Amino acid sequence: MVDFRTDRNSLTIGLIFATFGAVLFSSKGIFVKLSYQYGLSTELVLFYRMLFSLPVFVIVMLRAIKRRSINQLPKADFLKLLYCGFMGYYLAGFLSFYSLHFISVQLERVILFSYPALVVLGTAVLNRKPPTFKMIVAAMLTYIGVFLIFGQEFFAGQAENFHAAPQNNGVVFGALIVGIAALAFASSVLVSKQLITRYGSAFYTGGVWSISTLFIVLHTLGFAVLDPDSSLVVPSQTAFIALLALAVIGTVIPGFMISEAIARIGPERTAISGTVGPIATSVIAISFLGESFTIYHGLALILCSVGIILIAKRSI
């Protein structure tokens with residue numbers, strides 16, 4: 001006999017985890033912006049974020065290996081894991097962090113938030129099956145929202161407020177590289193499905209995080225060699241606290257919350273609950289960074305949220 005009280009409690013807890021996980025993930029851009037104000041480079045911010053988070057994910061991965069009795073990965077699966085670590089966590093992470101030199105946290109979050117539309121389109125291409133009319137409408141709504149907030153920042157000439165040159169080209173460049181980040185992350189999602197099904201989300205997350213950390217360490221050390229003036233030393237205690245908050249509040253805690261939410265309520269409901277993320281980003285960016293919020297930002301959030309909800313109601 002089904003215990004409906006337990007099911008109801010599990011659903012409630014899952015929705016809470018999904019919502020608060022999305023809100024905490026949305027704080028990432030704020031901590032990155034604060035780190036830039038303390039004079040840290042993109043490489044240094046990402047370097048410490050990965051290093052501070054790595055021990056937690058490695059422990060989770062080792063427990064998953066023991067629980068599932070994983071002895072070794074077939075070469076094909078290892079290459080897929082390597083691809084996901086490089087594209088989804090290293091390249092996408094670096095590009096999204098770097099874009100915040102040029103664009104607002106709100107624009108960065110909305111563009112990244114559009115990646116489910118890319119996953120749907122990618123799935124259609126791989127399966128050689130055209131997307132449904134509903135999916136096309138959902139993707140169009142999502143990207144109309146993206147272009148609304150992009151257009152507002154471009155024509156308002158706000159690039160000088162985001163540590164970029166005082167030309168609108170800064171907004172174009174920032175939007176372009178975070179768009180590439182969304183594409184890279186979407187491609188890793190497409191590849192990751194079989195790995196997660198076969199080995200579980202804990203092993204997958206720990207594996208790709210470890211691989212991406214290796215790439216960012218090599219990247220940062222290479223950058224340090226090419227630029228003798230660069231340093232791996234955090235300049236102040238306040239900057240160190242911002243980096244630690246980025247790792248704990250903006251990475252580890254929401255990562256586990258989202259994983260638990262998916263386990264309790266499924267990926268579709270988790271994605272729908274996650275639509276609160278860009279809204280939370282706007283509230284935080286306005287409150288702590290003084291970013292502007294216009295009717296175009298509001299319309300963009302509505303359109304993107306509706307598009308993602310339509311996508312999430314279909315298993316991808």
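Hi everyone. Let's begin with one term: a residue is called buried when its relative accessible area is under 20%, exposed when that area is over 50%, and partly exposed in between. Keep that in mind, and keep in mind too that what we have here is a predicted model.

With that term in hand, take K28 and E108. Both of these residues are buried. Their side chains meet in a salt bridge, with 3.1 Å from N to O. The pair ties together distant parts of the chain, since K28 sits in helix α2, residues 28–37, and E108 sits in helix α5, residues 105–113, 80 residues apart.

How many salt bridges does a search of the whole structure find? The search finds two. The other pair I'd like to show you is D77 and R198, whose closest N and O atoms are 2.8 Å apart. Here too distant parts of the chain are linked: D77 belongs to helix α4, residues 75–99, R198 belongs to helix α8, and they are 121 residues apart.

Now, is D77 buried or exposed? D77 counts as buried because its relative accessibility is 4%, and the cut-off for buried is under 20%. R198 has a relative accessible area of 42%, so R198 is partly exposed.

Let's go back to α2, the helix that holds K28. This helix is mostly covered, with eight of its 10 residues buried. Besides K28, the buried residues of α2 include G29, I30, F31, V32 and K33, and also S35 and Y36. Just after α2 comes G39, which has a positive phi of about 85°.

Among the buried residues of α11 are G277, P278 and A280, together with T281, S282, I284 and A285. The residue that follows α11 is G290, and its phi is positive as well, near 70°.

Now to the surface. F240, I241, L244, V248, I249 and I253 form a nonpolar patch there, and together they have about 450 Å² of accessible area. One of them, I241, is located in helix α10, residues 237–273. I241 counts as partly exposed because its relative accessibility is 49%, and exposed would need over 50%.

You will find I16 in helix α1, residues 4–26. Its relative accessibility is 42%, so I16 counts as partly exposed. If you compare I16 with Y199, they are 183 residues apart in sequence, and 26 Å apart in space from C-alpha to C-alpha.

To finish, the pair to remember is K28 and E108: a salt bridge between two buried residues.

Terms used: Residues numbered from 1 in each chain as written. Heavy atoms only, no water. Patch = residues over 30% accessible without salt bridge, like charges linked within 9 Å, V, L, I, M, F, W, Y side chains within 5 Å. Areas by Shrake-Rupley, 256 points an atom, 1.4 Å probe, with all protein chains shown as cover. Salt bridge = Lys/Arg side-chain N within 4 Å of Asp/Glu carboxyl O. Helix = DSSP H or I, 4+ residues; strand = E, 2+ residues; numbered from the N terminus. Buried < 20%, exposed > 50% of the residue type's maximum accessible area, 1.4 Å probe, protein only.
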